[in-house]
Amino acid sequence: MAARATWKGFLRLGQLVCSVGLYTAVSTSDRVSLHMVNRKTGHRLQRRFVDAETGKVVEREEQVKGYEVDSGDFIVLEPEEIAEVTPKGDKALTIESFLPCGEVDDLYFDRPYYLRPADEASQASFAVIREGLRKKKVAAVASAVLFRRPRSLLIRAYDDGLIATTLNYDYEVRSAQEAFEDIAEVKMEPEMLDLARHIIETKAGRFQPETFDDRYDDALAELVRAKMEGRKIAPPKQSTAKVVSLLDALRESAGLAGGADKKAPAKKSTAKKAAAKKVPARRSSPASTRKAG
């Protein structure tokens with residue numbers, strides 16, 4: 001049985017309606033969690049809101065949201081005022097259109113959720129929508145009020161369920177043209193491109209997220225274990241990069257250092273033993289073994 005749903009409502013396609021639940025597909029809860037503590041006492045610190053002018057602590061019932069119209073000048077927005085003007089949710093995830101699965105730019109992807117039927121009576125309607133998306137190889141664009149905000153979502157067939165990915169608004173996605181506008185045009189020698197192609201071909205692989213290492217989190221976990229066991233750990237060695245020309249760097253990366261005609265070195269297996277890890281214990285995810293429809 002799936003974990004508790006973060007949202008429950010109805011998936012609507014015209015007159016076809018089924019009860020569904022959204023479940024978090026990505027979570028950071030298994031990361032090493034650190035807290036702020038008092039170095040002298042070892043006690044955990046509390047975060048309090050303080051008036052910037054008086055320096056006094058402001059209790060929760062006196063805290064309201066505000067919009068700064070000028071430096072230090074705020075328009076106060078009461079919770080009731082915000083609730084009155086913001087869109088009201090009808091607990092419906094309404095499908096508005098269909099498009100090819102690859103048509104949406106990844107820049108617009110925000111957060112993925114698993115979408116599944118919420119009860120036995122909705123199984124058949126849910127399956128019709130899922131298999132329709134899979135057969136036509138399309139995704140559905142839907143709208144809903146989620147967590148008090150209107151959102152657009154991209155819904156795709158995935159394994160026995162659906163993936164609903166919230167989409168960023170257009171104004172939230174920054175211009176690629178502005179980001180890349182000052183990149184200079186570079187004239188490359190044919191050998192450079194040939195070497196680059198060779199490197200890419202020799203390092204071709206498959207997407208295997210289970211092999212990705214979170215070295216930061218692993219280092220924190222090892223540090224916590226070492227402190228608990230009263231031992232010291234040596235800091236990782238820093239690699240030093242030697243200064244070489246771009247062409248020499250490409251040759252060396254392709255296994256052709258010194259210009260000799262060598263074959264690119266075979267890719268070695270870097271599989272490592274899975275060490276028992278008590279701080280923290282991560283759950284393995286089967287998501288990498290599933291395929292979107």
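Predicted model: local features only at pLDDT ≥ 70, side-chain atom pairs only at ≥ 80, totals over all residues.
Rolling a probe the size of a water molecule over the atoms shows where empty space is left. The second largest pocket holds about 890 Å³ of space. Its lining is made of 26 residues. Those nearest the centre are Gln 63, Val 64, Lys 65, Gly 66 and Leu 77.

What classes of residue make up the lining? There are 14 nonpolar, 5 polar and 7 charged residues.

## Aromatic pairs

A pair of aromatic rings is described by the distance of the centres and the angle of the planes. The whole structure contains 3 aromatic pairs. One of them joins Tyr 113 and Phe 147. Their ring centres are 6.4 Å apart. Their planes meet at 40°, so this pair is tilted. Tyr 113 sits in strand β6 (residues 109-117). Phe 147 sits in the loop between β7 (138-146) and β8 (149-158). The two residues are 34 residues apart, and the pair links distant parts of the chain. Tyr 113 has a relative accessible area of 8%, so Tyr 113 is buried. Phe 147 has 43%, so Phe 147 is partly exposed.

Another pair is formed by Tyr 169 and Tyr 171. Are these rings stacked or tilted? Their centres lie 5.7 Å apart, and the angle between their planes is 10°. Planes under 30 degrees apart count as stacked, so this pair is stacked. Tyr 169 is partly exposed, at 26% relative accessibility. Tyr 171 reaches 63% and counts as exposed, because the cut-off for exposed is over 50%.

## Helix α4

Helix α4 covers residues 190-202, which is 13 residues. From its first C-alpha to its last, α4 reaches 19 Å. That is close to the 18 Å expected at 1.5 Å a residue.

Which residues of α4 are buried? They are Met 192, Leu 195 and Ile 199. These three cover an arc of only 65° around the axis, so they lie on the same side of α4.

Definitions and conventions:
Residues numbered from 1 in each chain as written. Heavy atoms only, no water. 1 Å grid on protein atoms, 1.4 Å probe; cavity = no way out; pocket = protein on both sides within 12 Å on 5 of 7 lines; lining within 4 Å. Points joined across faces, edges and corners; volume = space filled by probe spheres on them. Nonpolar A, V, L, I, M, F, W, Y, C, P; charged D, E, K, R; others polar. Phe/Tyr/Trp six-rings, centres within 6.5 Å; stacked < 30°, edge-to-face > 60°. Helix = DSSP H or I, 4+ residues; strand = E, 2+ residues; numbered from the N terminus. Buried < 20%, exposed > 50% of the residue type's maximum accessible area, 1.4 Å probe, protein only. Expected span 1.5 Å × (residues − 1). Arc of directions from axis to C-beta.
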